[in-house]
Amino acid sequence: MPVVELSYSRLQKLVGKVSKKQISEFLPFLGLDIESEDNDEVRIEYSPNRPDYSTDFGIALGLQGLLGIKTGSVKFNIKKSNKFSISVKPEVSKIRPFVTGIVARHGKIDDRTLKQLITMQEDLHFGIGRKRKKSSIGIHDLDNISFPLVYTTVDRNHKFVPLNSEDEVAISEILTSTDVGKDYGSLLGQSAQVPLIVDNNQNTVSFPPIINAAVTTVTTKTKNLFVEVTGINKEDAEDMLAVVATILQSAGFALESIKISGAKNSSPKLGARKLTVNSLLVNQILGLDLKASKIISCLKKSRLDASSKGVNIVCTIPAYRFDIFGPLDLVEEVALGYGIQNLEPTMSPSQTIGKTNPVSLQLKSLDRMMIGLGYLEALNSSLTSKRVLYDMTNRDSAKIISVLDSKSQEHTILRDSILPGLLENLSKNIHESYPQRMFETGTVFETGNPITEKISFSGISAHKDANFTEIKSIVQSALNVGFGIKVETKTSSDPTFEKGHCASIILNDVSIGIIGKINSTIVEKYKIRVPVVGFELSLSDSILKTAN
């Protein structure tokens, strides 16, 4: 969880007439955890889905609401201006197509504010920006920039003086020789052209998503700011901009608009959106009996606007609250505005006594059986990579199941088999002594509408004398003792297994799995020094029912 360092005395000035004790008591009711306190200093953990809490300005807005000092939505006051514009060239559309921005003027930046702006920037990169892949932000000293700006592309030989440097460096060198270039250069792919923002004097302003130019460095002497956000998705870029604009306005800056045009880009709207929640749902979830007027009051304490329309409450959600997706999120906001401390716990009306799921008991019994047979239990993630699941094991990827917006750049595939993960485990232990025996029971996924989940059981054995007879006896023993069923094997073929050393596992004339010696080419790919045998079978409902 990200952490921000705050000053109680500074928060008191920002919030208004409030004591240190009140702030300390109400911080947890904003969903913030106090990590440590040292006199006036306090370290706060906050959720990544609330990047506005990465600064004391954002936290002050939340506290003002809960304490009833200022309630309702934070509204933007953006002055329309013809002084500032960004022209977008078509060349960027295939690399990083969207740019947005805003100007913030006549503000003051002290050391703490500067530190918090940098922290907020990096938290936005890591969270909504998905490590700068989806969107990234640059904050610049406006007075060192000559408008209008152009968002365009240049080749990798282009030179400028990057942030925290005094020397002019080629982009190719930035990507290969600096930490930030090594960390994020891959986002630009192998394209010979890279995105760049240049001003009217042809000076480099920003090389997104990598680094700003040194000439626009923000310091405590900076009075006017230019904020730019680039990305592969316009909505994400504007969400990021909304957070920064909210914080800067709260910090005393006056906001001015930037005209953006060209290549499907347009000026940011940063407008509020409407979302409806049923008052009956609110009371049902919270166990309360609140009237519409009270629900509206609670929502306003959470810095939202609301009005009633029959049994429904229509909420107006500011642009920076992109963490609110649906009615249940609004129920949570009502709870926060009502006061978590005011909710009284009650006993559940249900008289059902909880017990372990019979399937879980069966699987635990199977686990103990395999451990008794000398196997080590593995626990791999259901999310894996195409390399592990298909490429390394010669498997057909026609029915691959990819996950949208995975937080991992590598693990983006839902597994449809456990065995490849166990082979990957073996490859990580090639310097350990043999024999090595592992098994896993877990969920696998199959394509369909909807996607289905099944329980699979897999095991491998690696040593110089590993053979089909050994692994077959393990399967038969585990299923016979664990489930009271007997299976047979029938010769078959599978690209993961050696030809002539592979069989289907048969139960009641139906194939429930595969068993055999792992293909030698796969063993060589993984640099495993000994033969490997393995199996995988589906623990279907029929098997579990048979065990009952």
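Trainee: Is D110 buried, partly exposed or exposed?
Mentor: D110 counts as partly exposed, at 34% relative accessibility. Buried means under 20% relative accessible area, exposed over 50%, and partly exposed in between (1.4 Å probe, protein chains only). Bear in mind that this is a predicted model, where local features need pLDDT of at least 70, side-chain atom pairs count only at pLDDT 80 or more, and totals for chains, interfaces and linings use all residues. Residues are numbered from 1 along each chain as its sequence is written, and side-chain values use heavy atoms, with hydrogens and water left out.

Trainee: Thanks! How many salt bridges are there in the whole structure?
Mentor: The search finds 22 salt bridges, each a side-chain nitrogen of Lys or Arg within 4 Å of a carboxyl oxygen of Asp or Glu.

Trainee: What does R10 pair with?
Mentor: R10 meets D56 at 2.4 Å, N to O, and D110 at 2.8 Å. R10 is in helix 1 (residues 8-15) and D110 in the loop between strand 6 (98-105) and helix 4 (111-126), so their bridge ties together parts 100 residues apart in sequence. Helices (H or I, at least four residues) and strands (E, at least two) are DSSP runs, numbered from the N terminus.

Trainee: And which residues form the network of salt bridges?
Mentor: E5, E35, R43 and K115 are linked that way.

Trainee: Switching topic, how many disulfides are there?
Mentor: The count is 0, taking a disulfide as a pair of cysteine sulfur atoms within 2.5 Å. For C315, the nearest cysteine sulfur is that of C298, 11 Å away.
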